[in-house]
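I opened this model to look up side-chain pairings. My notes follow in the order I made them.

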Amino acid sequence: MIKKWTVKKTIGLVSILLIAALIGLAIYQLKISEKTTESQFVTEELTRHSIVSSVSGTGTVMASSSEDVMTELMGYKVKEVLVQEGDMVSAGDVICKLDMSDVQARKNEVVKAKKEVVDNKNATDANYDAQIANNQASRGDRLAQAVANRDAKKAAYEKAAQEYNSYYEGDYKPKLQSGKTEAQLALSGEYTVLQQKRMAMDSAEANYNTAEAQVTSIQQENDQTLVDAKTNYDTNQDEMIRNYDETIRDLNTTIAKGTVRSTISGAVTSVNVKPGRTFNGGTIATVEGLNEFYVEGSIDEYDVADVAAGMKAVMKTDATRDEELNGYVTYVALKATGGNSSSGSMQDYTALLNGDMSSLAGGMSSSGNDANYKVKISLNDQNSRLRLGMNVKISIITQSAEDVLAVPYGAIQTREDGSTYIEVIDEEASAPDEKGRVTQVTKELDVTVGLQGSYYYEIKGPDIKEGLQVVVPDDDSSQSMDELLNMVGNAGGV
């Protein structure tokens, strides 16, 4: 009779076999760890190295000069699109044209209205000028008459003044000087004659002044009034013309904006408009400059705190083969671009229960959900093989040390108290036996660990010097054992 093999028995057997395998592996580890004094150690001579500590990431080739081609105009139909994705353009090339026929029609109306104002102004100014010329001609005749009259009045005045002065100096004044009084001269009639000549002179002077004023009035009349009228008219018309000119300039600016051009040279990577459709704002097209590139990368949240602007970066792409691209970090984001890591998530355990053991290899982490931070890296030298969008492997040098003593990281051991040391061959204690066999003896040297590279770690200590033979473990099976046990334990035990 065949007995049924239950699932419970199967699990028990598997558990026994796994425990036995682990115990056997542990015993083997114990045996190989018991090194006899005749064993030959794996050593490496202590020498100086250049060590770098770096942070790795991935990135994409981007254009340093990029333009979103736009216009502030909205509500106009797209008349013509002159480019398509992939086209190469130069600065100033037309990307598209909007239908500006309505604006052009408005401009034509304003230009016509301005012309009418200019024509009317020119005609009116001509009339003013003609009227002023006519007035000047007629005024010439009147002015000539007024001047002749003024000259006659002047001559009469001068004659009357001469007669008065002659009588006064020749007749009247000598008699006063001879002892006669004005009362006596009045009785004899000489004073009355003097007064008559004085009144005649004053009247002639008044007539002369009136004639002079008439000449001045004729010279100034009409012309100033017409000039003032013309000036006021021209001021009003010039203001209207300036308003028309300003409107025309604005309309010309609007019409010019309807022809949308690229301001940089490069490749058209997107076109977002089509002929016949109304443009309501946004990016018309995107042009990526091809003269200069930079790299935009992504750094994991675990490493981003070690990265800062100015750090050197080394990059590689498939297109540039083994050639290294050098640059430096110009920007490190303060805010993550996405991700929310979760180690040992429910999905991991569910996968294990369903028989998927792949999560054990990664320590049950879900690094794909880690938060990532954007970095920008400027290239020191451009490369003709680079193209937009290429993938880039990035190594950012966070620390570096030149010409320092260093050992493989596996050679550094830690005591229970946390102090670190390395094992070296004690040359003085190592001596050949009677058969010539050298029994190697090791000793511990205290060290302080400095900069940690990917393989070599910098060490310092009072007894550390070049040339020492440092013991380097030839395998890391014990570490693998611990990791395996830890992984099994995390999965729920055996």
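**Charged pairs**

I started with Lys374, which forms a salt bridge with Glu296; their closest N and O atoms are 3.8 Å apart. Lys374 is in strand 14 (residues 372–379) and Glu296 is in strand 11 (residues 293–300), so this pair ties together parts that are 78 residues apart in sequence. Lys374 has 29% relative accessibility and counts as partly exposed. I note that this is a predicted model.

Lys121 forms a salt bridge with Asp125, with 3.2 Å between the closest N and O atoms. Lys121 and Asp125 are 4 residues apart in helix 2, about one helical turn. An α-helix has 3.6 residues a turn, so residues three or four places apart point the same way.

Are these two partners, Lys121 and Asp125, buried or exposed? Lys121 is buried, at 14% relative accessible area. Asp125 is buried as well, at 10%. The cut-off for buried is under 20%.

I moved on to Asp129. This residue forms a salt bridge with Lys230, and the closest N and O atoms are 2.7 Å apart. Asp129 lies in helix 2 and Lys230 in helix 5 (residues 223–257), so the pair ties together parts that are 101 residues apart in sequence. Asp129 counts as partly exposed, at 39% relative accessibility. Lys230 is among the buried residues of helix 5. For the whole structure I noted 18 salt bridges.

**Helix 5**

I followed Lys230 into its helix. Helix 5 has 35 residues and reaches 50 Å from its first C-alpha to its last. That is close to the 51 Å expected at 1.5 Å a residue. I listed its buried residues, including Leu226, Tyr233, Asp234, Ile241, Ile248 and Leu251. What do the buried residues of helix 5 pack against? I found helix 2, helix 4 and strand 7 (259–261).

**Aromatic pairs**

I searched the whole structure for aromatic pairs and got 8. The rings of Tyr164 and Tyr168 have their centres 6.3 Å apart and their planes at 15°, so I logged the pair as stacked. Both residues lie in helix 2 (residues 101–177), 4 residues apart, about one turn of the helix. Tyr164 is buried, with a relative accessible area of 12%. Tyr168 is partly exposed, with a relative accessible area of 28%.

I looked at a tilted pair next. Tyr172 and Tyr191 are 6.2 Å centre to centre, with 45° between the planes. Tyr172 is in helix 2 and Tyr191 is in helix 4 (residues 190–220), so the pair ties together parts that are 19 residues apart in sequence. Tyr172 is buried, at 1% relative accessible area. Tyr191 counts as partly exposed, at 30%.

**A charge over a ring**

My last entry is on Lys376. What does Lys376 lie over? I found the face of Tyr331, with 5.4 Å to the ring centre.

Terms used. Residues numbered from 1 in each chain as written. Predicted model: local features only at pLDDT ≥ 70, side-chain atom pairs only at ≥ 80, totals over all residues. Heavy atoms only, no water. Phe/Tyr/Trp six-rings, centres within 6.5 Å; stacked < 30°, edge-to-face > 60°. Helix = DSSP H or I, 4+ residues; strand = E, 2+ residues; numbered from the N terminus. Buried < 20%, exposed > 50% of the residue type's maximum accessible area, 1.4 Å probe, protein only. Lys NZ or Arg CZ within 6 Å of the ring centre and 35° of its normal. Salt bridge = Lys/Arg side-chain N within 4 Å of Asp/Glu carboxyl O. Expected span 1.5 Å × (residues − 1). Contact = heavy atoms within 4.5 Å.
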